[in-house]
Amino acid sequence: MICQECGNRPATLHFTKIVNGEKTEFHICEACARERGDSIPGAVNGFSIHNLLSGLLDFDPSGSASSASLKQQQALRCEECGLTYTQFSKLGRFGCSSCYRHFADRLDPLLKRVHGNTVHSGKIPRRTGSQIQYKREIEQLRGEMQGHIEREEFESAAELRDRIRELERKIVDL
Amino acid sequence: MTKRRFSQQAVSDWMKGDGPESDIVISSRIRIARNLSHKPFPMLATNDQLVEVMEQLTEVENSGKLKPIGKFETIVLSELNELERRVLVEKHLISPNLANESRGGAVILSDNESVSIMINEEDHLRIQCLYPGFQIKEAWTHANRIDDVFEDETDYAFDEKKGYLTSCPTNVGTGIRASVMMHLPALVLTQQINRILSAVTQVGLAVRGLYGEGSEALGNLFQISNQITLGQSETEIIDNLHGVAKQIIEHEKAARSRLMSESRLRIEDRVKRSYGILSYAAVIDSKESAQRLSDVRLGVDLGLLDDVSPQIMNELIVMTQPGFLQQAFNEKMSAEQRDYRRAELIRKQLRSQTEHGGA
């Protein structure tokens, strides 16, 4: 067997890892092990099993795309509380309400599986909820106003502008 | 009113054995999960943040905002000892999670113990209403009013699309869990229970034992609750549970009358043997006592035993739990001592029943 590092010398260090019946093997030669700043077992500066094992965890023999997406997943992190998506998927709990925003892209398939649905259709808080209602209305009126302006119907546009101002005042008063 | 009272008195309102359909539905419960915006959920919050959350939420009670709804009292969990916390769990007033793992935990209890508002459990706020009998809609109306009071005073974490944001994705949306506790001995005896329960799980409902997640169905008690919280309105969720529970009630009633018409003698024998054992046993473990109490309760509901009140099973199921026993006898006990004390307590309760002329 040839060393996986240099591809020249015969491999003399063999490590086999079996996780859930999936076997991963790792073979290198003594020289390459030394080059990495390590030495072989029993020698001075004992080549620690830990070094090799952590090396194995990073080592991906297939170099497959799945590891790339895994990396991406690991990098996904809530900017508010710092919880990573990987931690979330292990714990099954969010760290804060902003996690919903930061993990939004991945959340819908999960929610669909759990609830068969992704959009809330129940109660809306009375106080902050009416704000949501007004905001929705304002957004819609702005679109209509833009249309009037483009068609140079300034009178109608002005009417809508006044209604938008009224709603905005209501939001401030809340 | 003292804090001790909540952990010493066995009978909460929900155990009194009244309310609609109370021969089959022991209790109806609504739990609403809410979080404050701009604060990490309890799992990741610092101790200081949790204290702030607790102060902000208990202030709602302290400042009298809940007065129009009823009389309440705030209990800070760190001020209770381990045993007192455990008793509150066995009475279903707080969750095991709040009792054992929470930081900055507190509970606001109504004086009849039908409302318990948990602070810093998995979510910042959990409003629970527990009613006797089949009153799931009434429980929701009440819980909803309390939710409105808290919403007036605090900013909830709410998203237009995802609804109320919760720590666990299984609660997001409405944040409500509605459940009914049902006593279904005839469906178990006639071996129809598995068929019915598997049908229940297919319409988006879950079945659990007496003490919630992961607990087994002791004493033929089954808790049926909604699984889905997102995409259905509160009313839809409650109507769905209400409809399914109603059907199960009908099945249990049919099974009971069939038992009475086809094997009355065998049922009567079973009920009276259990009553005999409970009345005279010197040692009894919690599993056997739950089963025997279920038999006795069935006997009462079928009119086979007339000197026992229906309340006895609800009460004794709670009183014979390990924490409550230790509290009642005021000592720490081994499992063996508990089995002995449990038998003693049951005998005493049953005797006091007959002495007072029963129900």
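**Entry 1: polar contacts between the chains**

I looked up the polar contacts and found 16 residue pairs between chain A and chain B, both residues at pLDDT 80 or more. A polar contact here is a pair of N or O atoms within 3.5 Å; within protein, one must be able to donate a hydrogen and the other to accept it, and residues adjacent in sequence count only if both atoms are side-chain atoms. I noted that this is a predicted model: local features need pLDDT of at least 70, side-chain atom pairs count only at pLDDT 80 or more, and totals for chains, interfaces and linings use all residues. I also noted that residues are numbered from 1 along each chain as its sequence is written, that chains are lettered from A and ligands numbered from 1 in the order in which they are written, and that side-chain values use heavy atoms, with hydrogens and water left out.

**Entry 2: salt bridges**

I counted 4 salt bridges between chain A and chain B. The term means a side-chain nitrogen of Lys or Arg within 4 Å of a carboxyl oxygen of Asp or Glu. One of them joins A:Asp108 and B:Lys162, at 3.2 Å from N to O.

**Entry 3: the contact**

How many residues does each chain bring to the contact? I found 30 from chain A and 38 from chain B. Contact means heavy atoms within 4.5 Å. About 3000 Å² is buried between the chains, and carbon and sulfur atoms give 57% of this area. A:His115, A:His120 and A:Lys123 supply 24% of what chain A buries against chain B, more than any other three residues. Buried area is the accessible area (1.4 Å probe) that two parts lose on being put together, summed over both.

**Entry 4: strand 4 of chain B**

Is strand 4 buried or exposed? All 5 of the 5 residues of strand 4 (residues 115-119) of chain B are buried, so the strand is largely enclosed by the rest of the structure. Buried means under 20% relative accessible area, exposed over 50%, partly exposed in between (1.4 Å probe, protein chains only). Strands (E, at least two residues) and helices (H or I, at least four) are DSSP runs, numbered from the N terminus. B:Val115, B:Ile117 and B:Ile119 point one way, and B:Ser116 and B:Met118 the other.

I then checked its neighbours. Strand 3 (residues 106-110) of chain B runs antiparallel to strand 4, joined by 4 bridges. Two strands pair if DSSP finds at least two bridges between them. B:Ala106 stands opposite B:Ile119. Strand 5 (residues 125-132) of chain B also pairs with strand 4 in the antiparallel sense, over 5 bridges. There B:Ile127 is the bridge partner of B:Ile117.
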